Amino acid sequence: MNGIFAHPSRKGMVIDMERLIHSALMARERAYCPYSGFAVGAALLAKNGSVYTGCNVENAAFSPSCCAERTAFFKAVSEGVKEFERIAIVAQNVKEGKIEKATPCGVCLQVMLEFCDPDAFEVVTALSVKEYEAYRLRELLPHGFQREG
Ligand code: THU
């Protein structure tokens, strides 16, 4: 689960688990979460070595809010990237300043299923760059909706 990935655009650079989680931690600082007080950051590693970050962006009307994971996926797909290795997620209860474990909501899992092989794609929920749990998408969404053919 702790794979090292070569970065094609920068010779010698590797996107390892620590680096990916660190990117998620940085993205969490940009969370816009005045309603929930729950700041989430995500870092999505594409198969080409690129990393797309995302944070949750809330709204006074609540339903237009977007989770950190979907922000990262939509950034990547809108840039033409559709093949992914893993996503790292970090969440913080802002009021208490406490980092909490967060696994993606069902809507985000369904978005992941659209683009990722559920038996290969890894969902990493992290408390720090060294403390994390990794799941295959299939474990978190065993029977997600998929069109046949
Ligand atoms: N949230 C995420 O961004 N990702 C998760 O995995 C769980 C929940 C956001 C949605 C909302 O802005 C806030 O956290 C509280 O649910």
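**Surface, fold and ligand site of the predicted model**

The protein exposes about 8300 Å², and carbon and sulfur atoms supply 52% of this area. The model is predicted. Of the 149 residues in the protein, 42% are buried. Four helices and eight strands make up its secondary structure elements. From the N terminus on, these elements run β-β-α-β-β-α-β-β-α-β-β-α. Contacts with a separation of 6 or more were also examined; residues 24 or more positions apart account for 60% of them.

The ligand sits in the largest pocket. Two elements give two or more residues to the shell around the ligand: strand E3 (38-46) and helix H2 (68-78). The residues around the ligand are Ser36, Phe38, Val40, Asn56, Glu58, Cys67, Ala68, Glu69, Thr103 and Pro104. For Asn56, a side-chain N or O atom is 3.0 Å from an oxygen atom of the ligand. For Glu58, a polar side-chain atom lies 2.5 Å from a ligand oxygen. For Glu69, the separation between a side-chain N or O atom and an oxygen atom of the ligand is 2.5 Å. On its own, the ligand has 370 Å² of accessible area, and the protein covers 77% of that area.

Helix H2 also contributes buried residues. These are Ala68, Glu69, Arg70, Thr71, Ala72, Phe73 and Ala76. Gly80 follows H2 and has a positive phi, near 90°.

A positive phi is also found at Phe62, which is not a glycine; its value is near 65°. Most residues other than glycine have a negative phi. Phe62 lies in the loop between E4 and H2. This residue counts as exposed because its relative accessibility is 57%, above the 50% cut-off.

Helix H3 (residues 106-115) has the buried residues Cys108, Leu109, Val111, Met112 and Leu113. Their cover includes H2, strand E5 (84-93), strand E7 (122-126) and helix H4 (137-140).

Met112 is found in helix H3. Its relative accessibility is 0%, so Met112 counts as buried. Beyond residues up to four places away in sequence, Met112 touches Glu69, Phe73, Ile87, Pro104, Phe121, Val123 and Leu137. Ile87 is 25 residues from Met112 along the chain, and their C-alpha atoms are separated by 9.5 Å.

Arg28 provides a further buried site. This residue is in helix H1 (residues 17-28). Arg28 counts as buried because its relative accessibility is 11%, under the 20% cut-off. Leaving aside neighbours within four places in sequence, Arg28 is in contact with Ala39, Val40, Gly41, Val90, Gln92 and Ile99.

Definitions and conventions. Residues numbered from 1 in each chain as written. Predicted model: local features only at pLDDT ≥ 70, side-chain atom pairs only at ≥ 80, totals over all residues. Heavy atoms only, no water. Buried < 20%, exposed > 50% of the residue type's maximum accessible area, 1.4 Å probe, protein only. Contact = heavy atoms within 4.5 Å. Near = heavy atom within 4 Å. Polar contact = N/O pair within 3.5 Å; in protein donor to acceptor, adjacent residues only side chain to side chain. Areas by Shrake-Rupley, 256 points an atom, 1.4 Å probe, with all protein chains shown as cover. 1 Å grid on protein atoms, 1.4 Å probe; cavity = no way out; pocket = protein on both sides within 12 Å on 5 of 7 lines; lining within 4 Å. Sits in = over half its atoms within 2 Å of the grid points.
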